[in-house]
Amino acid sequence: MPVHLTRRTILTLVGAGAVSLATPLAAQDVTLRLAFIPQENPDKLLGDIEAITGWLAEEIGVPVEGFVTIDHAAAVEALRNGDADISFMGALPFVLAEAEIGAVPLLSEVYRDAPSYTGRIFVRRDSGIGALADLRGRDIAFADPISESGYLYPLAEFVEAGLIEDPGQAEAFFGRVFFAGGYQQAMQAMAEGLVDAAGASQYADLLLTPQQQAEVTWIAESAPIPSHLVIARPGLDAALRDRFVDAMLRLNEPEHRNKLRYFYGPDGYVRADGAAYDGVRDMARQYGLLR
Amino acid sequence: MRNIMRALLATLASALLLSGPVAATPAKEAPWLPEAAAYRLTLFLGNLEPLPWDDIKTAWTEPYRGSEFSVGALAWLDRKSDIEPDGLLNAMMREDRQAVFAEATRLIALRIEENLDRALAAEESATAQLAVQTARELYRAFEDGIAAADPEAARRIGLAWLELNSSTGSAGVLGAGATSADRDTMEAARAVISGYLAENYLLDSFAPRRTLSALPETAVLSGKAIEVPPSLPPGSDIFDQDPLPLLVLNFEEQGIDETDLPLVAYGDMLFDSAQLFGSPAQDLGIACSTCHNRSDVNQRLFIPGASHQPGAIDVDGAFFNPIFNDRRDDPLDIPSLRGLRFTGPYGRDGRFASLRDFTRNVIVNEFGGNEPTPFMLDALVAYMLEFDFLPNSMLTTDGRLTDTTQEAARRGEEIFNTPFAGLGDRSCASCHVPDANFLDRQAHDIGSVAPGYEGARAGALDTPTLLGTAYTAPYFHDGSLPTLAAVVDWFDETKSLGLTEEDRADLTAYLETVGAADEPYEAFDTENTAFRLAFAELTTFASTIDTLLPRRDAEHILLLTDTVAADLSADASTMSNLPARPEVYALAERLAAVGAAVRVEDWEAAEASWTAFKSEADAIEERAF
């Protein structure tokens, strides 16, 4: 079900960033177009995009435009159509985009010194649930069906533990399976007692109130999941791509670190290692998302 | 640090919600949607007396303080909704409190319905999910009222939101993993939510409200007394300062360990304890240190309706202790408590000669707390008397500039000591006496207070010290002057001092030098974190149990364990060493166990838990960051 880039899928187009007089790259009419996935307040994202594109334009020496897509699918579609050159992307959508349109991984986000994180199964400490097997017939909330740490990896722990034959059998093991819409909503549903467990990022308990954080614990943790990344469309000019990557890596330098807050808040970026995403490719195959 | 937790508890409890797809990282708190924020502000401000109508109007026309949305609620509605807010506007024009409540409540309910309609009508999953998320975020405006009045309904609706979101389907990525929407389930879940809204919030008329809240109409009509936990409205900020001011304690500078000063340590704990105060301050986690954190000024503190600008608060308004409401909108710029033993009398107008009397007034009258015991007042005063000024190596002990200071500052020093006719042939130094910590312990009317009535002689204010003032902007009792340069300008203009531009610059340079410090802020790094500081403080507070247990002083032990166990547990959420968090939670439980044993007068068990706490705290200390 391809998603077509329409006025509805591209929500907003932000004006071109400032153009510096730095060495121009190839033709003057080159413009680098960045697709962003909405994560929070779209109003704030627009402000962030303006800051990002302005800074990148100065660093790279070509105009940079940014726009917000409605979701990962629309961003991948924009890369396919050439409406976007570069996009911020989750690991799972990336491996799918790679298979589908040959998307190229450029940079991986770094959190707490690692370009990876895990998914966990969280429960309330007073629930008496101490092991995955205790969740048989109980209700669980995941974040989203297309989420590595918020669904695929945590659910795979049940498969690994021999409790579920394959991901498609999850409904038979649990009482109810909900997709809450995000880590926050899944964790809140668990903390409030609406469900017995939540599958979410290892850091998702930090989204609860301090009091709730003390009331929850986790009973299983997945293998490391490579972090979100920045990807490019296959035909993007290699020199432009390199200059973009070099500019992004400068965000790790002390004088530029304050700009990271405009970029979904990672602690930094490293060059992406495509092989690091093999586990995600395997996982996508296991879930029937990738052939 | 502990204020961070209190702020989170107060502002985010049951209000943490994120929009948008999942990310790899801890995401931030979702901002309140503009109309939901305006509604919550309306409820909060609508309970103040006198009712601040201008603030209520601003709540709907301007973005709330700190909002990430660039527009206010009305402009936002104009962009995002087909609902006309005419009824609300009309009610606000008429300044009809009940009508504003009714119109605003209906408006939020209609906005939820509007988004539910959009979700049901959406052809694509992503569009439906966005609409569900928006509706869910708007529902936050009512959520605490429903949870307080009808937990079963809150649970039913909570599950309905889960059902609704789950049944919107998924577009997958490029077709992979796509699932279609389950319309029947969506309709059924929506019916649960809409049914409750229709019965409780989407009504033609509402029963008169003495107190505005998000309580459902059926609960109000039932006549049952239902308390909605106090909360601060969007735009509030009771977080700690950043950077965190350095706390200078006299005993500490002399190398004396606070654990050897149990009265001081207990006072330190009380200074950080919301238990001293009554509701709502106690529920919100507001303590002495919320405003005077690290003995200094919390320049960011802001509570709508009680603050006219950050760093200011009206402590005798309607919010904290209605019986003490002076019905005057007169927020004060929070004063620093550094060097407190040299700065009496106390209060901006020096109305309390005794620090003890002043402190009792803060606890009992301003913040509605119970009468403190003599021990508590002794402890608080003992602690506060340890507050020292920030060391400033550019000043001699008798308040003169050292030779290392800039030329401009030294020229300014001369001006500062020069008598002016406009000052009654006195100099600045006549009141801000350099060898008396730049104050004279007297109150003077310098004309900075607008008279409350004709002929009023009520404008005299206590001379404030100039020490440390480089970090306590803004200035004057009402924070009306943003910089020290503005203070110089004010005196020059109102007192006709006849200063040249260079004189003003020199005098400003002098004030900035006098007000400076060698190290004004705490220095943190990867392991010396804010949590490590909090951990050290909290375990020091707890050390007073060594004194209180042998005395079998249940009252003061319980106040301590209730405060410190909760703070320790809450503070753990700020740890950067996440794997050590469970140990800190266990330690907090150990301290709570001391309290539980004392409560039932099982002193042996209390002793055992206390001994275990001390050894476990020692074991954790290295990892406590």
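Reader: How many residues of domain 2 of chain B are in contact with residues of domain 4 of chain B?

Author: Two residues are in contact if their C-beta atoms, placed from the backbone, lie within 7 Å. In this predicted model, 10 residues of domain 2 of chain B are in contact with 11 residues of domain 4 of chain B. On the side of domain 2 of chain B that touches domain 4 of chain B, H12(B) gives the most, with 5 residues. The centres of these two domains, taken over C-alpha atoms, are separated by 24 Å.

Reader: Into which domains is chain B divided, and how are residues and chains labelled?

Author: Domain bounds come from an automatic or database domain assignment, and here chain B is divided into domain 1 (34–222), domain 2 (250–386), domain 3 (395–447 + 459–515) and domain 4 (530–623). Residues are numbered from 1 along each chain as its sequence is written, while chains are lettered from A and ligands numbered from 1 in the order in which they are written. Since this is a predicted model, local features need pLDDT of at least 70 and side-chain atom pairs count only at pLDDT 80 or more, whereas totals for chains, interfaces and linings use all residues.

Reader: What does UniProt place at residues 407–515 of chain B?

Author: UniProt positions are given in the numbering used here, with feature names shortened, and annotations may be inferred rather than shown by experiment. The UniProt record, an unreviewed entry, places the feature "domain: Cytochrome c" at residues 407–515 of chain B. Over residues 407–515 the chain is 36% helix and 4% strand, and the end C-alpha atoms are 16 Å apart.

Reader: How many helices and strands are in chain B, and why is chain B called as compact as a globular protein of its length?

Author: Helices (H or I, at least four residues) and strands (E, at least two) are DSSP runs, numbered from the N terminus, and chain B has 25 helices and 4 strands. The radius of gyration is taken over C-alpha atoms, and the globule rule is 2.2 Å times the number of residues to the power 0.38. For chain B the radius of gyration is 28 Å, close to the 25 Å that the rule gives for 625 residues, so chain B is as compact as a globular protein of that length. Its C-alpha atoms fill a box of roughly 80 × 65 × 55 Å, taken along the principal axes.

Reader: Is Gly452(B) buried or exposed?

Author: A residue is buried if 20 or more other C-beta atoms, placed from the backbone, lie within 10 Å of its own, exposed if 12 or fewer, and partly exposed in between. Gly452(B) counts as exposed because it has 10 C-beta neighbours inside 10 Å, and this residue lies in the loop between strand S3 (443–444) and strand S4 (461–462) of chain B. Of the 625 residues in chain B, 48% are buried.

Reader: Which residues of helix H16 of chain B are buried?

Author: In H16 (residues 374–384) they are Met376(B), Ala379(B), Leu380(B), Val381(B), Tyr383(B) and Met384(B). Their cover includes helix H12 (262–271) and helix H15 (355–366) of chain B.

Reader: In what order do the strands of the open sheet in chain A stand?

Author: Two strands pair if DSSP finds at least two bridges between them. In chain A, 5 strands form an open sheet in the order S9-S8-S10-S7-S11, with mixed pairing. Strand S9 (177–179) and strand S11 (216–221) stand at the edges, each with a single partner strand, so one side of each is left without a neighbour in the sheet. Strand S8 (residues 140–142) and strand S10 (residues 197–201) of chain A pair in the parallel sense over 3 bridges, and Phe142(A) has Gly199(A) as its bridge partner in S10(A).
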